[in-house]
Amino acid sequence: MARAAQRAGREAQSTGLLVAALLAAAGCANQGPPPGGPPDTAPPSIVRIEPESGAVAPGWKGDAVIHFDEVIEEMPDALAKLVLLSPVAGDVQVSWGRTRIRVKPKEGWKGNRVYRLQLLPGVVDLRRNKLDSGRVVLFSTGPEIGHATLAGRALQWVEQRTLARALIEAIPLPDTVGYLTLADSAGRFALAALRPGRYLVYASADANTNHRRDAREPYDSALVTLDSNATLALFTFVHDSVGPRPRTVTAIDSVTARIDFSQALNPAVTLDTSRIAVRQLPDSSPVALRAVLTQRQYDSLAAAERAAAKPDTGAARADSAVRLDTAVSPGAPRGEAPKGAAGDTVVARDTAEVHRLLAQRPVPFDKVVLRFVRPLPPETRYVVLVHGAANLNGATADGLAVLTMPKPVARDTTRNRPRTTPKPP
C-alpha cells in the first residue's frame, strides 16, 4: 500500500510539472510581435562578386564567389545550369553555400587568360522569389581585357525562324576553347569585351542545357575577323554524315507524284530528270518524266493551272499569290507583322529583320514533285530511283521507294439519277 501511494504521488508530481512547462511555453509564445505582416516578394539580390569585374588577378587560386543578400535555394539539379564560365576545357564545379555560389573550373585557373563568368536568370530564394536578371563578370589572370563586341542572331534554317536560347561559342584562334553566352528568346546574342582577332563562332540548339555542342544538335559556324565590332547571322541545322534518302512516294494525281525524303535537301544541288528515274514493275520498263519540281514550284504551277481553268482569273491570281507566300516559309509566314496592343513598331521592325536575314539563304525543302509525260494507269506499281541527293552539309546518298497508283474512285451514279414518280395502283 505504501509503495502504491508513493507511485501515485510521483505520477501526480510529473503531471504537475508537465502542465507547468506547457503553460510557461504558451506564455513565452505570446510574448513578442504578433505573426503576420506583408509577405516577402523581393527576389535575391547580388551583393558582390569575387573577383570583381575588370580585376586582374594573376595567380588566382580560390573560387569565384557570387554573394547574395539572403539565403538562396540550393537547387541541386539546376544551379550548375545557371552558370556559364568560359573559356574552360572540361567541367565547371558549381557549389551552393547558403548566401553564395562558388564557381571553379575543374582544370584549375589558367594563367594569361581572360575569364567570363555569367550568371543566368533563375536563382530563387527560400520563398521561391526568382531573380529574373543575370550578371556578367570579366576578370583576367594576366592579359588586358579587350573592348571588341561580337553580336548577331541565331536562326533555324529548316524551320525558318529564330532559335531561342541558342548556345553561342566564340573561339579565339588558334585556341580550342571559347567564350560562351546564350541568345535571348528572339535569338539575339552579344559577346562584349573580346580582344581583336580571328574567331570561330558557333551557334547550337542546346536542347539538354549542358552548355556543350552535342552530336545530333543543330548548329552552324562562321569565321569572323573581329576588330572593334562585328555582326553575323548563323543558320543552324542538323549536320548528318549520311545523305538523304526517299522515304515514301505518293500519287497526287495520274500525272503527278510526291517524294518525301528522310531529311532536308540542299537547295544548291538540283534534283532533275538526270538524277531521278522511274521504272514500272515488274518488268522495269522506263517511265518518261516531264519535270522534277520543288514543292514551291509545284504549288505555283498548280495555282496557274487552276487560274486558267476558272473564268474569274483575278480571284485565281490572288489565290496563287497567297499559296506562293505560304510555300516560301511554312513555319514563319512572310507577311505583315502581327499587330498588338503595345510595341507594334518594335515587333514589326524585328519581324522584318528576321525575314531579311532568312532571305539571305534559299529555303530548304524535304519534298520534290514528279511530273510524268503520260498518265499512269491505276493499280500499277513503280520503283523510283534517286541518285546523288544531298543534305544541307553536302552529304549525298542514293535510294529508292515504291509508288503504287491507287484504284479509281467509284462514281456515285445515284445522285444524278432522275427521280421517278411511282404509278398509282
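The legends below describe several views of a predicted model.

**Figure 1. The protein chain as a whole, shown as a predicted model.** The secondary structure of this chain comes to 4 helices and 23 strands. The chain has 425 residues, of which 37% count as buried, and its accessible surface comes to about 24,600 Å², with 54% of that surface belonging to carbon and sulfur atoms. When contacts between residues at least 6 apart in sequence are considered, 65% of them join residues at least 24 apart.

**Figure 2. The surroundings of Leu-119.** Once the neighbours within four places in sequence are left aside, Leu-119 is in contact with Ile-46, Ile-66, Phe-68, Leu-82, Val-83, Ile-101, Gly-134 and Arg-135.

**Figure 3. Strand β22 and its two pairing partners, β18 and β23.** Strand β22 (residues 381-390) is largely enclosed by the rest of the structure, because 7 of its 10 residues are buried, that is, under 20% relative accessible area. Strand β18 (residues 276-280) pairs with β22 in the antiparallel sense over 5 bridges, and within this pairing Arg-279 has Val-383 of β22 as its bridge partner. Strand β23 (residues 396-404) also pairs with β22 in the antiparallel sense, over 8 bridges, and here the bridge partner of Ala-390 is Thr-396 in β23. The hairpin of β22 and β23 has 5 residues between the strands, and in this hairpin Gly-394 takes a positive phi near 95 degrees.

**Figure 4. Thr-225, an exposed residue in strand β14.** Thr-225 lies in β14, which covers residues 219-226, and it counts as exposed because its relative accessibility is 62%, whereas the cut-off for exposed is over 50%. Leaving out residues up to four places away in sequence, Thr-225 touches Gly-197 and Arg-198. Although Thr-225 and Arg-198 are 27 residues apart in sequence, the distance between them in space, from C-alpha to C-alpha, is 4.4 Å.

How values were computed: Residues are numbered from 1 along each chain as its sequence is written. This is a predicted model: local features need pLDDT of at least 70, side-chain atom pairs count only at pLDDT 80 or more; totals for chains, interfaces and linings use all residues. Side-chain values use heavy atoms; hydrogens and water are left out. Contact means heavy atoms within 4.5 Å. Buried means under 20% relative accessible area, exposed over 50%, partly exposed in between (1.4 Å probe, protein chains only). Two strands pair if DSSP finds at least two bridges between them. Accessible areas come from the Shrake-Rupley method with a 1.4 Å probe; for residues, only the protein chains shown count as cover.
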